[in-house]
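I opened my notebook to get to know a new structure. Come along as I jot down what I looked up.

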Amino acid sequence: MNTKIFAPTSTLKVLKFSFLLLFLVLTTKNTYAQFSYVINGVVKEAGKPLAGAIVSVFDFNNEKIKELTTSATGSFTYNLKADEEYNIFITKPGYISVKIIYSTIGLSVEDAKKFKSTSNPEIELFELPKDPSLVAKVNATFTKPLMSFYYSSDDNKMIADDDIYKSMQQEFTVLQKQAFEEKNKGAAAAEKEAKYAAAITKGDQALAASNYKAAKDAYSEALIIKSSEAYPKTKITEIDKLIAENAEKDKLAKEKEINDKYNAAISKADKALTAKDYKGAKLAYNEALAVKPNEQLPKDKIKEIESITADLTAKDKAEKDKLAKEKELNDKYTAAIAKADAALFTKNYEAAKTAYNEALAVKPNEQLPKDKIASIDKIISETAEKEKLAKEKADADAAEKARLAKIKADADAAEQARISKEKADAEALQKEKLAKEKAAADAAAEQARIAKEKAAADAAEKARVAKEKADAAAAEQARIAKEKAEADAALKEKLAKEKAAADAAEKERLAKEEEKKAFDRKYNAVIAKGDSAIAIKDFPKAKIAFNEAIALKPTDELPKNKLKEIDAMIANAELFKNDLAKKYPVGVTEEVVKEGNSKVTRRIVVTGFKGVLYEKKETSFGTVYYFKDGNPITEQIFNTETKTK
């Protein structure tokens, strides 16, 4: 969207001048790139570029963040940031000071990435008048902004607030006219200005042609005419710097020639020294010393070469001695490691440990023998544990064997007693042998049965004992495995719970942080909305905005103070309203009346303290005329400026 805003022009007999309050072209191009909103402005006086104007940029906290000085073309450039509010003051010593407001508040992070726009304002300044009363009027008028631009989230673009401009236009026009009339009363002042401009032009042309003496004379002439002007002072400083730079360049060129010769000789010598061509290096360093006799480097290098050639034989011997010593240590170390590895292979752990300690004594920083000793200590510990378990098993087996032996001995003793008794009975009853043979045979059969039952009982008991031992060992293994599994599961569950709790806490923290940022953006946007409404004196709208801000932050004093300021402004506003503003409400009021044979439609537009009368006169002949405060206007202006917003 291209928006052009022009101030009205007037013609005087002596000097035709034009008033351009503010010419602004706001071109908005949305692209998918990083946020960019650049102000490329031009400051003018009577339509011509104004050099040396001061452009001061203040942030939302009224802190100055940048100060620029316009060039000979009157131009300046500044790049705005997203989600900020700027007050830009443009002035020059002896000139009026104007203010423009830019607000990018409300621009989200995502929208900022896709936002790119430029603003090209042309600001017209004029010199302050001499009349104190007129100066007071000028100062009072320009405490208000000439123009305000704010970001519209609905349209995703920067919007120019035309109401602020319209409220300032008439006052500005009158003040500029009065200032120009006062200025033109002094012919000497005009002649002085012309001489100054001619001197500046002469200086600029001479400077462009690199004729520094003529340029400096011309700028000095301009400074005699206007001693307070910053531009000729800046140019004279610039010329002095250029002259000094040229002299420095000549000096540097001569120094460069010497340095090139010197550096070439040094480079040649360094390469020869790197290649260990000590004779060639020494000759090249002497060449460098002939170019720069006071340089210490070639002297030091020559001494270094002489020292190298003198010490070369001694260093070679020292290197050989060092290598021999290292070989001796490596041989001892390798032998000790081999001895230790062999002992370790045969499981002779004490001998292996002793050999690894011997290797460590030769090379204390080696990690391998340390690791091997640690491994052997672990094996010895594990072996001792196994031996302990084996002894415990052997003791248990011995006890079990003794128990079984006792059972067998008792059975054998009983059997022996029985056999002895039978033998006695047989001897005593020899006479009855034949009669009792059958009984004896039966007894032998019974004995065989008992022996068989005893053997079966012994085998069953031994199997039972072995099974109980195996079951006990299996139960112990199962218990240890179960306890380990339960401990691992408990640890895993604990770590999972701790991680889940930490993740949830971090997620909650990030959510609260984003919520606070969104809340602050909303609050700042509401404050900016209220400030913009105050600037155009739309006090009801401003009060709504600041009450909304209080609802968001009840303890913040800023919106409360703003409401007090608005109440004071409303109270004072009644004193400055014109007749239409006092009679009609804010907004557009339409009346239709008859004047003779003509139908007249009146629309009264009230904004702030001012009311404007627009008239549409329809004659009986069919001709229609349009007026604004009695001055003829077009139908388009009538419809545009009186439409209900």
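I began at the hairpin of E15 and E16, where 2 residues lie between the strands. Gly608 has a positive phi near 65° there. I noted that this is a predicted model.

Next I looked up how E15 and E16 (residues 610–618) are joined: they run antiparallel, with 9 bridges. Across this pair, I found Arg602 opposite Glu615 in E16.

Then I turned to the hairpin of E14 and E15, which also puts 2 residues between its strands. Here Gly596 takes the positive phi, near 65°. Strand E14 (residues 587–595) pairs with strand E15 (residues 598–607) in the antiparallel sense, over 9 bridges. I saw Glu590 standing opposite Arg603 in E15.

My next entry is about an open sheet. In what order do its 6 strands come? I wrote down E7-E6-E9-E10-E12-E13, with mixed pairing. Strand E7 (64–69) and strand E13 (157–160) are the edge strands, each pairing on one side only. From one strand to the next, the twist averages 15°.

I stayed with E6 and E7, which pair in the antiparallel sense over 5 bridges. Val57 has Lys66 in E7 as its bridge partner.

Last, I picked out Ser56, which belongs to strand E6 (residues 54–58). Is Ser56 buried or exposed? Its relative accessible area is 10%, so I put Ser56 down as buried, since the cut-off for buried is under 20%. Setting aside neighbours within four places in sequence, I listed the contacts of Ser56 as Lys64, Lys66, Glu67, Asn87, Ile88 and Phe89.

Conventions:
Residues numbered from 1 in each chain as written. Predicted model: local features only at pLDDT ≥ 70, side-chain atom pairs only at ≥ 80, totals over all residues. Heavy atoms only, no water. Helix = DSSP H or I, 4+ residues; strand = E, 2+ residues; numbered from the N terminus. Buried < 20%, exposed > 50% of the residue type's maximum accessible area, 1.4 Å probe, protein only. Contact = heavy atoms within 4.5 Å. Pairing = 2+ DSSP bridges. Axes fitted to C-alpha atoms, helices over the stretch in contact; angles between N-to-C directions.
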